[in-house]
Amino acid sequence: MRRTRRSSSRLQIIPVLGLLAALLLPLGFTFAPRATAAPAADPVRVMPLGDSITGSPGCWRAVLWNRLLNSGYKDIDYVGTLPPQGCGQAHDGDNEGHGGELVTNVADQNLLPGRLAATRPDIVVMHFGTNDVWSSIAPDRILAAYTKLVTQMRASNPDMRILVAQLIPMNPGSCAACAQRVVDFNARIPDWARATGTERSPITVVDQWTGFSTATDTYDGVHPNASGDDKIAARWFPALAAVLDAGVPQNPGDPGDPGDPAACTARFRAVSTWQSGYQGEVTVTNTSASAASAWTATVVPANGARIGQVWNGTHSTAADGTATVTNAAWNGALAPGASATFGFVATAPATAGAPAATVTCTAKSSAN
């Protein structure tokens, strides 16, 4: 067997290096370790959330994706439980645009938490509510669903960045009232966002309505065509780019880590009604993995109603009718998944219609 001859030059270099080190160390010289590259940050995870305008196939997502890449935003990752649905151009097609879904149903059926757990987004880009408006669901109820979804987003990631669209116009042949309903609903979104956004988890409103034409930018009065996709992407781009430029906290830890604020959801229902008012109740649920020691709920009655008597909690009412309810001494502690319910009586004008209220809550972790 042929033997490979070992080079003697390496054996000669090693003693020389050792001698050099021995000479330099007394003089204060040290050999610096080889520099290693810092680990790359994870891509920023962006969830496109909505109905068929976002999915099926929702090609504005593809236009936006490629505009982001061409503008130098490389470390992004669209996420969602739905796979790509076409569009004829390369893009990251993961999304959460479920055709036909109502945002009120997603909230009522608690469909979002599982989708968030599966995808762990840092940013949510939401155009959601078209089917609710078409179904003539009251703006108060839609906004209450928005609030519940935002609470669930923050339970998933306390630093969630949220972009919410004022809906594109809608004018289907089968719904003459839909065009004005969209206008009326969109007018409510900015005030909702100001009341719901926080410094840690801000909400950015993106005007997708202005300049969008159902005649030229949709193929059926509702769903965008190629021109509509371009306009939607153009409106999302500066808002999303601004969030990316500002920096998005990543790996915030599980919501249930010790010291994290407890997360909660609040749900309203009308127990009984009469001509001049109704009895309502609100259920506060601890949705985090941490025990809560106290909770506070905010109730905004719709259509001019005012809250009077409250039980199972203490309350104060602002001049605009907003009621703030804190737990009683005996029902503030909530284990993970546990709930507490308080009731109230509200007076309402005879023309108020069905009882409705926007409800939100905050909870204090037992670890804090």
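Reader: Let's begin with helix packing. Which residues in α2 meet α9, and which ones do they meet there?
Author: From α2 come W60, V63, L64, R67 and L68, and they meet D229, D230, I232, A233, A234, W236, F237, L240 and L244 of α9. Contact here is heavy atoms within 4.5 Å. Helices are DSSP runs of H or I with at least four residues, strands are runs of E with at least two, and both are numbered from the N terminus. One caution: this is a predicted model, where local features need pLDDT of at least 70 and side-chain atom pairs count only at pLDDT 80 or more, while totals for chains, interfaces and linings use all residues. Residues are numbered from 1 along each chain as its sequence is written, and side-chain values use heavy atoms, with hydrogens and water left out.

Reader: Thanks! How do the residues of that α2 and α9 contact divide by class?
Author: There are eleven nonpolar, no polar and three charged residues in the contact of α2 with α9. Ala, Val, Leu, Ile, Met, Phe, Trp, Tyr, Cys and Pro count as nonpolar, Asp, Glu, Lys and Arg as charged, and the others, Gly among them, as polar.

Reader: And at what angle do the axes of α2 and α9 cross?
Author: Roughly 45°, with the axes coming within 8 Å. Axes are lines fitted to C-alpha atoms, over the stretch in contact, and angles run from 0 to 180 degrees between N-to-C directions.

Reader: Switching to α4 and α6: are they roughly parallel or roughly perpendicular?
Author: Their axes cross at roughly 30° and come within 10 Å, so α4 and α6 are roughly parallel (under 35 degrees). L112, P113 and L116 in α4 meet L149, Q152, M153 and S156 in α6. That contact has five nonpolar residues, two polar and no charged.

Reader: What does α6 meet in α7?
Author: In α7 the partners are F185, R188, I189, W192 and T196, and the α6 side includes Y146, T147, V150 and R154. By class, the contact of α6 with α7 has eight nonpolar, two polar and three charged residues.

Reader: New topic. How much space lies in the largest pocket?
Author: About 1,100 Å³. Of the 40 residues lining that pocket, T147, R154, A195, T196 and T360 are the closest to its centre. A pocket is an open set of points on a 1 Å grid where a 1.4 Å probe fits, with protein on both sides within 12 Å along at least five of seven lines, and lining residues have an atom within 4 Å of a point.

Reader: Which element gives the most to that lining?
Author: α6, with seven residues. The elements giving two or more residues to the lining are α6, α7, β9 and β14. The lining has 18 nonpolar, 14 polar and eight charged residues.

Reader: Nice. Where is the cis peptide bond?
Author: Between S56 and P57, with omega about -5°. P57 lies in the loop between β1 and α2.

Reader: One last thing: what is E281 in contact with, apart from its sequence neighbours?
Author: Leaving aside neighbours within four places in sequence, E281 is in contact with R267, F268, R269, V271, T341, F342, G343 and F344. E281 lies in strand β8, and its C-alpha atom is 6.1 Å from that of F344, 63 residues apart along the chain.

Technical notes
Points joined across faces, edges and corners; volume = space filled by probe spheres on them. Parallel < 35°, antiparallel > 145°, perpendicular 65-115°, else oblique.
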